[in-house]
Amino acid sequence: MEEALSARLERARTGDDPSETLWAARLLVFLGFDSEARELLPAVGAAPGSPVEGWAHQLSDFLHRRYPGAALLAPRMTSHGDDFLLGHTMALSEVWRDLYQRQETGSAARRLRQIAASFEDSPGPDDIARDTVFFRAARYEAVVHGRAGDRGLLEDLGECVTATAAAYTDCPDDPSLFLPVESARRVLDVAAITAMERGWHGLAARFAQDAVRIDPYCARAQLMLAEARRAAGDQAGALEAYRACARYGPLERRYALERAAACEGHTPVSRAGVETGLMRLTPAVRVSGVHDRPQLPVYPAAVAEAVRESDVHASRLGARFAPFVRLTPAAADAPLLVHAPLYCLEQLEGGSEGVWFETPSLQRAMVAPFRRELAHAYARVDSSVPVDDFARWVGHSGATAQVRYVGKLYAHSADLPVLIRSRLSRLLCSLGFFDEARHVLPPLPEGSRPWGLEESHAACTGFFIDSITELGSQADHGAKLRHLDSSFCDDDRALRMRLSVHFAGMVTASRVKDHAQVAFWRERGADALARYSSLSQVSAFESVLMTSRFFRAAGFLPYLTNDAALLKSDMHTWLSLARELKGLTPKQDVLARENLYPALESAARTLVFLEDPQGAERLMEEIVGQVDPLDSKAWLQVGDCRLAREDFRGALEAYLTAAGTEVPLGRVAWFKAGVCAEQLGYWRDAAECHTRSLELWPSGISPATRLDEIARAHGLAYEAEWVAHNAPAAPPAG
């Protein structure tokens, strides 16, 4: 389908068929690419006075916000229908100007009577074209009746529209009928809004109910129905419609859920509250008279496909992140990070033999807000699972045996051996429950050195948790790490933990640019690595893995001292070892790939420092192409590389790919995608991206600010109202 559309768009750009070029421009508008449509319109080249030229002029008016209706009346290009539609669209544009620009309701009413009379004289248009124009005219007629306070005429108009639309709604699978059906629904929307403004709440609810019957998946119609029912005192009916609105409308969701909660509490309705709801529904009628969000006709048959796609995506998400929710294996198409909980659970259930000489789990830690992001995304899979609350997660009725096992250990953690408590803490940390992970850690003995193996493991786990929760801070952990290093017992089984402390020492010292401390830890680490690699218990795989990790951390020293030759040498060592590392078991294969990720990532940053951004971008693309194509952080960094060289289209593609994975960092990906869309002039797309970021990040000041600025600068009244009522408040100064 995508290839066919691309081919047809290319033919439109290069061909000499004006109607084909106009079709392409109109398609670009519906897809949200207004800038491309503007560029394509001059190429239409239709004969002066022809219908195609007229439609091109109407589309140009729409793109420059001079008249909202043209893009919704698609030319049918029949022998008579195109002339009929074009002529009446031009007449309706004058009605729109009378109503909203000139505020001349009487003149608008006269024009509408002329349009109705012209139906009898039109040269044989087909029924679809005739009814489409009737519905479009009826939208403005409803406004005229409302301003005149004529309830009877408004009621008659609504009944006529509903009866006429019935002939089309019986055939929801016919694409040729989408346009008149959508036009009919919009008439009923306007009629309901008009009735609400006059205080005719029962009539408004009837119109809104008819609109919902036409398109039950339209969030606008459901919200209008909810507002009308609530104003009429029907709390139960309003609650039902608010919930439906929240289900189908991302922009309306928060407001609808707030209203639903108020309905459940039977909160009295204020006039101001009703006005707030209407402002969300009627940017074209109440705010500026400009139709800023043209809606594609979407009906039950089409929505069923979309719902199925959504269900497939939700099912995939549920299978992908099963280790974090159910502690069961993930689907095959999952990012590497999902293995961490399962490997930690394996360690928790296993013995202690051999574990001191092998890498137990993944190197990379889970980001601090991961659990909250996962809860938001997983709610579409199964909203009954309390993903972000540990006590409810381990205790809910659908918890797996593995989850209940973890809950039982946590409840009796004070009675567990030190090593089991430390491993349980690691598991909780890998799941994103950092407070609980810190809670189960055993207290370390005071005044007794060296520590035993179990106490050393617990101390390392505690530092690991601190390094995650304090990520981004400028805390100097040097003293803490030196204390850990000096407290380990002189036992070969403690060497791997000691090496991990040395790696952490180099990394944390580099953050405060203390190259002397980096040199200290590099020397200590080199000695420990030599001892560790010489042990008979250490496999060749483990030796290469730890050596690659050592040189990656050691590379901070030449970076800080600006020793380019040594930096290149270290980079070559850690990267070549990581590329050569091959696992002999499925777990080793995962660990090898997971080690290659940070090796390539660090090498890319090194190349940026060495002023080779193209090489850095190639390495980042190797990660998403060959190592972990479902890792959102990697795609974000690919986007950053492209953005640095002002490849906004390429960056947008990468950010949208990252956003598609949803967890983790989906909120950041949507925000950055919105920034790129702004650079490309895709204002509607940018607004949508920032809105999605706010859905995942309700307290996000940056996406709220960008959405507000876009909405105000480009006349997106719908989004401006949404931000006004949903945006988070800026934190107090100081």
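The entries below go from the whole chain down to single residues.

**Ground rules**

I am working with a predicted model, so I note that local features need pLDDT of at least 70, side-chain atom pairs count only at pLDDT 80 or more, and totals for chains, interfaces and linings use all residues. Residues are numbered from 1 along each chain as its sequence is written, and side-chain values use heavy atoms, with hydrogens and water left out.

**Whole chain**

I started with secondary structure. The chain has 38 helices and zero strands. Helices here are DSSP runs of H or I with at least four residues, strands are E runs of at least two, and both are numbered from the N terminus.

Next I looked up burial. Of the 734 residues, 54% count as buried. Buried means under 20% relative accessible area, exposed means over 50%, and partly exposed lies in between (1.4 Å probe, protein chains only).

The accessible surface comes to about 31,500 Å². Carbon and sulfur atoms hold 53% of that surface. The areas come from the Shrake-Rupley method with a 1.4 Å probe; for residues, only the protein chains shown count as cover.

Then I checked contacts, meaning heavy atoms within 4.5 Å. Among contacts with a separation of 6 or more, 64% join residues 24 or more positions apart.

**Helix 9**

I picked helix 9, residues 178-198. Its 21 residues reach 31 Å from first C-alpha to last, close to the 30 Å expected at 1.5 Å a residue. The expected span is 1.5 Å times one less than the number of residues. Of those 21 residues, 18 are buried, so helix 9 is largely enclosed by the rest of the structure.

Ser456 sits in helix 24, residues 453-469. Its relative accessibility is 0%, so Ser456 counts as buried. Beyond four places in sequence, Ser456 touches Trp451, Phe488 and Met497.

Trp356 lies in the loop between helix 18 (339-349) and helix 19 (370-378). At 8% relative accessibility, Trp356 is buried too. Leaving aside neighbours within four places in sequence, Trp356 contacts Leu419, Leu453, His457, Arg493, Arg496, Met497 and Tyr532. I also noted Gln537: 181 residues from Trp356 in sequence, but 9.2 Å away in space, C-alpha to C-alpha.

**Salt bridges**

Side chains of opposite charge can pair when their charged atoms come close. My rule was a side-chain nitrogen of Lys or Arg within 4 Å of a carboxyl oxygen of Asp or Glu. The count came to 27 salt bridges.

What does Asp466 pair with? One partner is Arg438, at 3.2 Å, N to O. Asp466 lies in helix 24 and Arg438 in helix 23 (residues 434-440), so this pair ties together parts 28 residues apart in sequence. Another partner is Lys480, at 3.3 Å, N to O. Lys480 belongs to helix 25 (residues 478-487), so this second pair ties together parts 14 residues apart in sequence. Asp466 is buried at 15% relative accessibility. Arg438 is partly exposed at 35%, and Lys480 is partly exposed at 34%.

Arg692 and Glu688 make a salt bridge at 3.4 Å, N to O. They are four residues apart in helix 36 (residues 683-696), about one helical turn. Arg692 is partly exposed at 39%, and Glu688 is partly exposed at 22%.

I also logged a network of salt bridges linking Glu617, Glu621, Arg642, Arg645 and Asp647.

**Positive phi**

Most residues other than glycine have a negative phi. I wrote down two with positive values.

- Glu646 has a phi near 60°. It is in the loop between helix 33 (632-644) and helix 34 (648-661), and is exposed at 59% relative accessibility.
- Leu665 has a phi of about 65°. It is in the loop between helix 34 and helix 35 (666-679), and is buried at 14%.
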